[in-house]
Amino acid sequence: MNQAWAVAISLGVIFAAGTSGTAQSAPARSAWDGVYSDLQADRGERDYGRTCSHCHGLSLEGDGAREIPTLVTDQFLRRWRGKTVQSLFDSLMRSMPADDRGSLTPRMTADMIAYLLRANGAPSGDAPLPSERDALAGVVIDEQP
């Protein structure tokens, strides 16, 4: 019986050593790593013009008098710094546009985030930002390099 326990423990140790690290999540990517495409940001700009500009302004400047935040410059980046693109995605899907909550599709939301990233100086890449919520958890809005 002692020999059976020894074999079982040995196999458990070997299995654990061979699988350690496989459950690790992918390292976070920065919003500055080219996480969206220019074509996607162009679509996002068009969608923004139709659904958001009447409140946030054509230049994303917001309206301080009506407490509508700017979506560009340091103010926007300070608000979202250290948070994931998934958090921004969730916020937009849940609360925007204020006059028609819930009307944005996941693709429109990802496209508009691509536009916001571009407007805030983040470079584009070859692939579009995913419109699947869970895929956005690994992209962090961090300090501009």
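1. Start with helix α6. This helix is mostly covered, with 10 of its 14 residues buried. Buried means under 20% relative accessible area, exposed means over 50%, and partly exposed lies in between (1.4 Å probe, protein chains only). Helices (H or I, at least four residues) and strands (E, at least two) are DSSP runs, numbered from the N terminus.

2. A word on the model. This is a predicted model, in which local features need pLDDT of at least 70, side-chain atom pairs count only at pLDDT 80 or more, and totals for chains, interfaces and linings use all residues. Residues are numbered from 1 along each chain as its sequence is written, and side-chain values use heavy atoms, with hydrogens and water left out.

3. Now the overall plan. The protein has 6 helices and 3 strands. Along the sequence they follow the pattern α-β-α-α-α-β-α-α-β. Of the 145 residues, 37% count as buried. The accessible surface comes to about 8,700 Å². Carbon and sulfur atoms account for 56% of that surface. Such areas come from the Shrake-Rupley method with a 1.4 Å probe; for residues, only the protein chains shown count as cover.

4. Look at the contacts next. A contact means heavy atoms within 4.5 Å. Take the contacts between residues at least 6 apart in sequence: 70% of them join residues at least 24 apart.

5. Back to α6. Its buried residues are Met108, Thr109, Ala110, Asp111, Met112, Ile113, Ala114, Tyr115, Leu116 and Leu117. What covers them includes α2, α4 and α5. The length of α6 also checks out. At 1.5 Å a residue, its 14 residues should span 20 Å, and its end C-alpha atoms are 20 Å apart, which agrees. The expected span is 1.5 Å times one less than the number of residues. Just after α6, Gly121 takes a positive phi of about 95 degrees.

6. Which residues of α2 are buried? They are Gln40, Ala41, Gly44, Asp47, Tyr48 and Thr51. Seen down the axis of α2, these buried residues fall within an arc of 120 degrees, so they line one face of the helix. The arc is that of the directions from the helix axis to the C-beta atoms. On the other side of α2, Leu39 and Arg50 are exposed. Cover for the buried residues of α2 includes α3 (53-56) and α6 (106-119).

7. The C-alpha atoms of Asp42 and Ala114 are separated by 8.5 Å. Along the chain, these two residues are 72 residues apart.

8. Check the aromatic rings. Rings of Phe, Tyr and Trp (its six-membered ring) pair if their centres lie within 6.5 Å; planes under 30 degrees apart count as stacked, over 60 as edge-to-face and the rest as tilted. The count comes to 1 aromatic pair. Tyr48 and Tyr115 form this tilted pair, 5.5 Å centre to centre, with 50 degrees between the planes. The pair links distant parts of the chain: Tyr48 is in helix α2 and Tyr115 in helix α6, 67 residues apart. Both Tyr48 and Tyr115 are buried.

9. Lys83 lies over the face of Trp80, at 5.4 Å from the ring centre. The rule asks for NZ of Lys or CZ of Arg within 6 Å of the ring centre and within 35 degrees of the ring normal.

10. Helix α5 (residues 85-95) deserves a look. It is mostly covered: 8 of its 11 residues are buried. Among them are Val85, Leu88, Phe89 and Leu92. Their cover includes α4 (74-80), β2 (83-84), α6 and β3 (139-141).

11. Finally, the backbone exceptions. Most residues other than glycine have a negative phi, and most peptide bonds are trans. The bond from Met96 to Pro97 is cis, with omega near -15 degrees. Pro97 lies in the loop between α5 and α6. Leu60 has a positive phi of about 65 degrees. Glu67 has a positive phi near 60 degrees. Leu60 lies in the loop between α3 and α4, and Glu67 lies in the loop between α3 and α4 too. What is the state of each, buried or exposed? Leu60 counts as buried, at 4% relative accessibility. Glu67 counts as exposed, at 71%.
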